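Subject: Handover of a structure and notes on what was found

Dear colleague,

Please find below the structure that I am handing over to you.

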Amino acid sequence: MATHDSSRTVEAVQTTLDIIELLLERDGAGITEIADELGRSKGTIHGHMSTLYKNEYVIKEDKTYRLSLRHLELGETVRNRLQIYDVVTEELDDLSKSCGELAQFAMPEHGQAVYIYKSAGENAVQSASSPGKREYLHCLSLGKAMMAHMSESRVNEIIDRHGLPKYTENTITAREALFEELEEIRERGYAFDREEKIQGLRCVAAPVMTKNEIIGAISISGPASRFEGEFYEEELPSMITRSANVIEINSQFS
């Protein structure tokens, strides 16, 4: 479970949100399991679940509660309010078709990268990412492309909040090393993920900016066996920066 600053939170609301996150992680749970996990009494959890059920935010199958399709409605509403969504989907579909790989778009929120859309070309690798999934920024090409265009104070805030957890031997885990990499990304205009999140998977990403503000980033991902040499170092960066530029231009009219 995520940690929270309790100084200005309402405990009952926090409990409800923790329940929703737990149900999301486990694809369902019973009263006893939820109570044990959250350290709350079964009576307290039963009251929360009754409220969620009455308002149609959960469904109940025997003794197991699961998130309802009401959350799909919320997600679709939020996504449809993104003014650049149609522009992004069209460009990423073209990009994935051109390169044959996996193309993705993410936006920054609460110091993390939130996947908004992905499009798979004919040779695309399988990916655990899906719309709405959140990831740390420092270990993704998408994340680093976005961080490179944030202020130093904002990057420090993100590191203080989320840390720099290690996933592979290539993950950047030192603050100074990350800032050096972000400077290089700003200079060249795109970011690499050299197997920093998943061993054997490489990515290249470019930021998407409007009015000098970072609004997201797009990436192309693929196996290290294909993502090497000139193709990885030059061809893919050229494709990704061109697509980012198309999104930036068209977003002005969306």
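I begin with E184, which is partly exposed at 41% relative accessibility; here buried means under 20% relative accessible area, exposed means over 50%, and partly exposed lies in between, with a 1.4 Å probe and the protein chains only. Please note that this is a predicted model, in which local features need pLDDT of at least 70 and side-chain atom pairs count only at pLDDT 80 or more, while totals for chains, interfaces and linings use all residues. Residues are numbered from 1 along each chain as its sequence is written, and side-chain values use heavy atoms, with hydrogens and water left out.

Salt bridges

E184 forms a salt bridge with R188, and their closest N and O atoms are 4.0 Å apart. A salt bridge is a side-chain nitrogen of Lys or Arg within 4 Å of a carboxyl oxygen of Asp or Glu. Both residues belong to helix α8 (residues 175-188), where they are four residues apart, about one turn of the helix. Helices (H or I, at least four residues) and strands (E, at least two) are DSSP runs, numbered from the N terminus.

By the salt-bridge rule, the count comes to 17. Another of these pairs is E109 with R134, whose closest N and O atoms are 2.5 Å apart. Because E109 lies in strand β3 and R134 in strand β5 (residues 134-136), this pair ties together parts that are 25 residues apart in sequence. E109 is partly exposed, with a relative accessible area of 38%, and R134 is partly exposed at 35%.

E135 forms a salt bridge with K197, with 2.7 Å between the closest N and O atoms. E135 is in strand β5 and K197 is in the loop between β6 (191-194) and β7, so the pair ties together parts that are 62 residues apart in sequence. E135 counts as buried at 12% relative accessibility, and K197 counts as buried at 17%.

Cavity and pocket

How many cavities of 30 Å³ or more does a search of the whole structure find? The search finds one. On a 1 Å grid over the protein atoms alone, a cavity is a set of points where a 1.4 Å probe fits but cannot get out; a pocket is an open set with protein on both sides within 12 Å along at least five of seven lines; and lining residues have an atom within 4 Å of a point. Grid points are joined across faces, edges and corners, and a volume is the space filled by probe spheres set on the points.

The largest cavity holds about 40 Å³ of space. Its lining consists of G111, Y136, L137, H138, M147, I158, H162, G163 and L164. By class, five of these lining residues are nonpolar, four are polar and none is charged. In this scheme Ala, Val, Leu, Ile, Met, Phe, Trp, Tyr, Cys and Pro count as nonpolar, Asp, Glu, Lys and Arg as charged, and the others, Gly among them, as polar.

The second largest pocket has a volume of about 250 Å³. Of the 20 residues that line this pocket, Q104, Y115, S127, I198 and L201 lie nearest its centre. At least two lining residues come from each of β3 (102-109), α6 (141-147), β7 (201-210) and β8 (213-223). The lining of this pocket has nine nonpolar, seven polar and four charged residues.

Backbone angles in two loops

Most residues other than glycine have a negative phi. E56, although not a glycine, has a positive phi of about 65°. E56 is placed in the loop between α3 (42-54) and β1 (58-61), and is exposed at 54% relative accessibility. K211 also has a positive phi, near 55°, and is a residue other than glycine. K211 lies in the loop between β7 and β8 and is exposed, with a relative accessible area of 81%.

Two distances

The C-alpha atoms of D94 and S119 are separated by 8.9 Å, with the two residues 25 apart along the chain. D94 lies in helix α5 (residues 85-99). For G121 and E187, 66 residues apart along the chain, the C-alpha separation is 29 Å. G121 is in the loop between β4 (112-120) and β5, and counts as buried at 15% relative accessibility.

Yours sincerely,
A colleague
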